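Me: I have a structure open and would like to talk through how its chains meet. Could you go through it with me?

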Protein chains: 4
Amino acid sequence: MTDPTSLEARVRDSFDRQATMALIGARLAYVGKGEVTLELPFDARLTQQHGFLHAGISSTLMDTAAGYAAYTLMPAEAEVLTVEFKVNLLRPAKGALFQATGRVLKPGRSLMVVEARLVAAEAPDRPLALLNATMMVVLDRPDVAPASKL
Amino acid sequence: MTDPTSLEARVRDSFDRQATMALIGARLAYVGKGEVTLELPFDARLTQQHGFLHAGISSTLMDTAAGYAAYTLMPAEAEVLTVEFKVNLLRPAKGALFQATGRVLKPGRSLMVVEARLVAAEAPDRPLALLNATMMVVLDRPDVAPASKL
Amino acid sequence: MTDPTSLEARVRDSFDRQATMALIGARLAYVGKGEVTLELPFDARLTQQHGFLHAGISSTLMDTAAGYAAYTLMPAEAEVLTVEFKVNLLRPAKGALFQATGRVLKPGRSLMVVEARLVAAEAPDRPLALLNATMMVVLDRPDVAPASKL
Amino acid sequence: MTDPTSLEARVRDSFDRQATMALIGARLAYVGKGEVTLELPFDARLTQQHGFLHAGISSTLMDTAAGYAAYTLMPAEAEVLTVEFKVNLLRPAKGALFQATGRVLKPGRSLMVVEARLVAAEAPDRPLALLNATMMVVLDRPDVAPASKL
């Protein structure tokens, strides 16, 4: 897991199994230890009633970036599950290309605290939304069922 | 707004302008004063890496149900914007048909506190996820820009 | 742990070791399986700048009620730690006697999702504040250090 | 309000009216535009059952620092009220002197998004807890009643 190539390969393998990422058009842009960035081109199919990116899609992108940021610090055999997250919407999500960066604030054996921020690539210093999450390290669960873990 | 038909029509008109709802296949199932239910049939395009409904899609559905629940208690000329929400994921989101019900806990002139719960229709007593949100009543804003409101 | 007397005794023993509860004047009012109520008489020492109960004191009371609600469903040798919580303040915290009731929404082996509400005893149907929390079941830790558990 | 002396005086005047701050022994350590730091010496009366600072007291300190950080960016005649906050507890709150710093992430006319972090003065790079809050700008309310504002 200290090999950056294999770290990225491990994240990419999981990412590629997330059908939702393909549906919305998100792609993996950066994988580092404790930090992951996803990108999402604007798409009119992803809007709310005023034509901005839907808060739920913003959250989907940030949750996924946050989850994989935690995943990069987990043992190779672990899976990641979101326990909870909070989102603050700061500005209308306008832009041509959105970037969500997740970053681990506190690693841990069973839980990790992670944050993510969403920006438009053309205005990286003006965050559109923030997420703060607790991620669970799931081990020895072929079924990966959060119910039985919680 | 006390006419239930016009209340539902007003919510439906806004709902139909949310491209994201069409993309994921969500529909408006119930509109009452302070309570709205959305339904979403399971779709393999909406899954995360373990085949369950993606936490982001669960959140999208709950946020939208919560927002419209608040909207039903707002003046007819108002728009609704999500200020923030928190999601707790209780169980893996398995099911054939998901239902998200939003309910206003505390109405207000400028802000409303709302909750939502997600269940599978076949097990309505076992919530899969919970959301708790602050919604803003937006008046006199042709642009409906949360940035300038916040 | 199915003996209600011993359940209450176990909670009371831990409660009595919380110096903060004595400082603010809180008392244990009810202990049931998955539900705990604390009471706090109004005290001018506990106010914020407008003379209402300080949001932090409201949160202290709700967090403690929520934590013990989870504790009642844990093995006798476990300790409870708060992972995270969110508070919504609905109304100014005015009253002569405050009651915070915690209730487990989703028990679990390692984590529990719990909510709490704060009311004034004279208006039990008008919640003043709501809390929603994730509690951790801590086993085999003589030091009870959340850092090493997270 | 651009005069730093009067800015600090305005915050101090409000802080001194918070009885809770005197009760727990907190003091105002720094006031800048959009940033406020409070200090709290460890006191055995403020502990939970394992001898650490109670999560509720940590939250009280962070909420107050966050609220005053927002207050420094408000008009002189405004009052500040907490709408909601989330707390993540990262490590056991051990230390001789605690510092909570609030910082505005997004100012606004009616709402502000603020964060706060709690550290022990002896280990400023290891946050013990994080808070993320929405603060309301309250104008023209002699009674300062959040109920009527929400």
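Me: Which residues in α3(C) meet which in α3(D)?

Reply: This is a predicted model, where local features need pLDDT of at least 70, side-chain atom pairs count only at pLDDT 80 or more, and totals for chains, interfaces and linings use all residues. Residues are numbered from 1 along each chain as its sequence is written, and chains are lettered from A in the order in which they are written. From α3(C), C:Ala55, C:Gly56, C:Ile57, C:Ser59, C:Thr60, C:Asp63 and C:Thr64 meet D:Ala55, D:Gly56, D:Ile57, D:Ser59, D:Thr60, D:Asp63 and D:Thr64 of α3(D), contact being C-beta atoms, placed from the backbone, within 7 Å. Helices are DSSP runs (H or I, at least four residues), numbered from the N terminus.

Me: And what angle do helix α3 of chain C and helix α3 of chain D pack at?

Reply: About 155°, with the axes 8 Å apart, so α3(C) is roughly antiparallel to α3(D) (over 145 degrees). Axes are lines fitted to C-alpha atoms over the stretch in contact, and angles run from 0 to 180 degrees between N-to-C directions.

Me: Switching topic, how can chain D be laid on chain A?

Reply: A turn of 180° with a shift of 0.0 Å along the axis does it, at an RMSD of 0.0 Å, which means the relation is that of a two-fold axis. The superposition is by least squares on C-alpha atoms of residues with pLDDT of at least 70 in both copies. In chain D, the C-alpha of D:Lys86 is nearest the axis, 3.9 Å from it.

How values were computed: Helices (H or I, at least four residues) and strands (E, at least two) are DSSP runs, numbered from the N terminus. Angles under 35 degrees count as roughly parallel, over 145 as roughly antiparallel, 65 to 115 as roughly perpendicular and the rest as oblique. Two residues are in contact if their C-beta atoms, placed from the backbone, lie within 7 Å.
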